[in-house]
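Have a look at the model first, and then we can go through the geometry together.

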Amino acid sequence: MAMEKEEADYLQTETDYALFCRGDMDAFARIVYQYRAPVTAFITRLLHQTWDAEDLAADVFVELLEHPRRFRCQSSLKTYLFTIARHKTVDFLRRNSRCAPADLAASDLSMPPLDNDPELHLLAAEKQQEMQAAWKGIREEYRLALYLTAVEELSYEEAAQVMNKSKRQIRDFCYLGRQEL
């Protein structure tokens, strides 16, 4: 059932992109609506600054708006947008070298307790701290590969495009990252 919805979303996105290329601004608005939050979250995890992340995410969609034909449909639109987001973030970090890339938060991989029991909250907080320490203990490339494949559910090929690496490198990064975790 989830796979059918995912495929329907993909087809709708591709349809919206084709309509946008023909000048349909409502289709562009649907693309922005669908991908604004994931793109912003991705950039935020790289920067740990929501105010800059929101500006960079807007720049991603401005790039798509100004150059609609650059996307050649060789990957998914989501992969293309994440690639632009990564490039814009790296450029931002280069321009503002005083800002080092921040770690992806371990909280992105965990869920809060569903019960209001204080003991469960305390145990969850301890587990969260352990997870953050483990998350920070692995290489940045491993964290990014794991985030893209596990949280954003990109394939190895798509994550490789975003990170400008080979599929094998992404698979290795994920394996080694899981081993270190």
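Helices here are DSSP runs of H or I with at least four residues, numbered from the N terminus. Axes are lines fitted to C-alpha atoms, for helices over the stretch in contact, and angles run from 0 to 180 degrees between N-to-C directions. The model is predicted: local features need pLDDT of at least 70, side-chain atom pairs count only at pLDDT 80 or more, and totals for chains, interfaces and linings use all residues. Residues are numbered from 1 along each chain as its sequence is written, and side-chain values use heavy atoms, without hydrogens and water.

Start with helix 4 (residues 77-95) and helix 7 (residues 156-163), whose axes lie 8 Å apart at an angle of about 25°. In helix 4, Thr79, Phe82, Thr83 and Arg86 meet Glu158, Gln161, Val162 and Met163 of helix 7.

Now turn to helix 2 (residues 25-47) and helix 3 (residues 50-66): their axes come within 8 Å and cross at roughly 140°. That is why helix 2 and helix 3 are oblique to each other. The contact (heavy atoms within 4.5 Å) involves residues including Phe28, Ile31 and Tyr35 of helix 2 and Leu56, Val60 and Phe61 of helix 3.

Terms used
Helices (H or I, at least four residues) and strands (E, at least two) are DSSP runs, numbered from the N terminus. Angles under 35 degrees count as roughly parallel, over 145 as roughly antiparallel, 65 to 115 as roughly perpendicular and the rest as oblique.
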